[in-house]
Amino acid sequence: MMAAARILRGAASSLLCRSRQRRDAAAAAAFAGVCSRTMASKTPVGFIGLGNMGNPMAKNLVKHGYPVIAYDVFPEACKEFQDVGEQVMASPADVAERADRIITMLPSSLNAIEAYTGPTGILKKVKKGSLLIDSSTIDPAVSKELAKEAEKMGAVFMDAPVSGDPKKELWNLANPVFKTGQR
């Protein structure tokens, strides 16, 4: 009985491994397709969410020569990008129509869901093979759902959370907690 159970576990493990390998190979192939366009090409980067965290990130892309195609629900957040010649769009879908690399930096799950799947969301006009990098502050379950929806459209969705405070105030308060135990 024990030997049969071991054999079944081994077979199940082998199937699971093969399934993971196929899934990982498919993801690697999709990512390689995006990377094959070479990051050095300075192709436009879509950036959705130009608030406290997104604004400095998008400015850094501009500083390093990447054309930014911007959108924010608050048009005044886009003004400084428009003033330096960057493209500003009327919706996330318009950004997706013009960029195949899009970064989202949004403050909540609801904002991310709207930006990706709303009536004028990214997934309405996303191009097959696009790379969608989400650095929003959202529930992990929402990230997983957005990834599934992006995959249906032939896009690659990456959950890329960030931490920190542009003003460093919150970071300085939390930093001693992270250092605990280090000598």
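Q: Which class of accessibility does Lys125 fall into, and at what relative accessibility?
A: In this predicted model, Lys125 counts as partly exposed, at 36% relative accessibility. Its salt-bridge partner Asp94 counts as buried, at 18% relative accessibility, the cut-off for buried being under 20%.

Q: Where in the chain do Asp94 and Lys125 lie?
A: The side chains of Asp94 and Lys125 meet in a salt bridge of 3.6 Å, N to O. This pair links distant parts of the chain, with Asp94 in helix α4 and Lys125 in the loop between α5 and β5, 31 residues apart. Salt bridges that share partners join Asp94, Glu97, Arg98 and Lys125 into one network.

Q: How many salt bridges does the structure hold?
A: The structure holds 7 salt bridges. One of them joins the side chains of Glu80 and Lys59 at 3.1 Å, N to O. Glu80 belongs to helix α3 (residues 79-83) and Lys59 to helix α2 (residues 54-63), so this pair ties together parts that are 21 residues apart in sequence. Glu80 is partly exposed, with a relative accessible area of 37%, and Lys59 is partly exposed at 39%.

Q: What is the nearest side chain of opposite charge to the buried Arg101, and how far away is it?
A: A salt bridge requires the charged atoms to lie within 4 Å. For Arg101, the nearest side chain of opposite charge is that of Asp100, 4.4 Å away, and Arg101 has no salt bridge.

Q: Which residues of helix α5 are buried, and why do they line one face of the helix?
A: The buried residues of α5 (residues 109-117) are Ser109, Ala112, Ala115 and Tyr116. Seen down the axis of α5, they fall within an arc of 130°, so they line one face of the helix. Their cover includes α4, β4, β5, α6 and β6.

Q: Where does pLDDT stay under 50?
A: Where pLDDT is low, the predicted coordinates should not be read in detail. In this model, pLDDT stays under 50 over residues 34-39. The mean pLDDT of the protein chain is 82, and 67% of its residues reach 70 or more.

Terms used. Residues are numbered from 1 along each chain as its sequence is written. This is a predicted model: local features need pLDDT of at least 70, side-chain atom pairs count only at pLDDT 80 or more; totals for chains, interfaces and linings use all residues. Side-chain values use heavy atoms; hydrogens and water are left out. Buried means under 20% relative accessible area, exposed over 50%, partly exposed in between (1.4 Å probe, protein chains only). Lys and Arg count as positive and Asp and Glu as negative; His and the chain ends are not counted. pLDDT is the predictor's confidence in each residue, from 0 to 100. Contact means heavy atoms within 4.5 Å. Helices (H or I, at least four residues) and strands (E, at least two) are DSSP runs, numbered from the N terminus. The arc is that of the directions from the helix axis to the C-beta atoms.
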